[in-house]
Amino acid sequence: RGLRHWLDAVRVVPRELPMLPPSMNAAAVRVVYQCLLEGRQVAMSYARRTADGTEEMRYHVSPLGLVVRGAVTYLVGTVTPYKDVRQFALHRVRDAGMTDAQAVRPRDFDLDRYIAQGGFQYPVGGAVQLVIAVSGWVATHLAETPLGTDQTIVAGEGGEQIVRVTVTDSQQLLWWLSSMGEDVRVLAPAALRERLKRRLRAALGQYEDGAKR
């Protein structure tokens, strides 16, 4: 009897800035779901993101799974005749139809392993040894929620803490480091340090150019 109010007492909130979910073609989404359930290929028109906006493409996709990431739901699958696993944001599916072709599933594919190996971190390289100098509150935060199982934190100079951990070199890592601002300084690897410096300089340039105008 005491558990009946549990659902009224528990909530999940995102850490990132809340965003409204994108609108989707409900009919197309239902077809995608049905193809996933029945193990069929789906023929779909998809608005692929480009540097200038989007470009409409036609694909025959073998659905492998669905992943909800924040406000966006992704279809994970392979595109005939290729074998590499790709991601498709469902809100960019313009129309979809079920085909008679059976979905082609890679023999060793596992959705949990795909996610655990960084499928949604958008890797740009392999595993790297990340070394960062962090402020006190970041060190406390990382001690509570480590970046990896081999993470170590030792005292540095000037009150900084030095964090060492093996991580995947990815866009997600770069976004996280950028968001930490002056509280995190990358010491290694050198290539990641340089990418972050270029990113931060470009961001600063947006404000300096605006001030001149």
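Mentor: A residue is called buried under 20% relative accessible area, exposed over 50%, and partly exposed in between (1.4 Å probe, protein chains only). The model is a predicted one, with local features requiring pLDDT of at least 70 and side-chain atom pairs pLDDT 80 or more, while totals for chains, interfaces and linings use all residues. Numbering runs from 1 along each chain as its sequence is written, and side-chain values rest on heavy atoms, without hydrogens or water.

Leu7 shows how the scale is applied. This residue belongs to helix H1 (residues 6-9), where helices (H or I, at least four residues) and strands (E, at least two) are DSSP runs numbered from the N terminus. Leu7 is classed as exposed because its relative accessibility is 69%.

We turn now to the charged pairs. Side chains of opposite charge can pair when their charged atoms come close. With a side-chain nitrogen of Lys or Arg within 4 Å of a carboxyl oxygen of Asp or Glu as the criterion, the model has six salt bridges.

One of them joins Arg58 to Asp95, with 2.9 Å between the closest N and O atoms. This pair ties together distant parts of the chain, since Arg58 is in strand S2 (residues 53-69) and Asp95 in strand S5 (residues 93-102), 37 residues apart. Arg58 has 55% relative accessibility and therefore counts as exposed, whereas Asp95, at 36%, is partly exposed.

Another salt bridge is that of Asp84 with Arg86, whose closest N and O atoms are 3.1 Å apart. Both partners are classed as partly exposed: Asp84 has a relative accessible area of 39%, and Arg86 one of 25%. Gln87 lies in strand S4 (residues 85-89). If residues up to four places away in sequence are set aside, Gln87 is in contact (heavy atoms within 4.5 Å) with Tyr46, Tyr74, Leu75, Tyr114, Gly119, Phe120 and Tyr122.

Arg195 and Asp169 form a further salt bridge, the closest N and O atoms being 2.7 Å apart. Here too distant parts of the chain are linked: Arg195 lies in helix H6 (residues 190-212) and Asp169 in strand S8, 26 residues apart. Arg195 is partly exposed because its relative accessibility is 23%; Asp169, with a relative accessible area of 10%, is buried.

The buried residues within H4 (residues 136-144) are Val138, Ala139, His141 and Leu142. They span an arc of only 165° around the axis and so lie on the same side of H4, the arc being that of the directions from the helix axis to the C-beta atoms. Ala143 and Glu144 are exposed residues on the face of H4 turned away from that buried side.

Just after H5 comes Gly181, which adopts a positive phi of about 55°.
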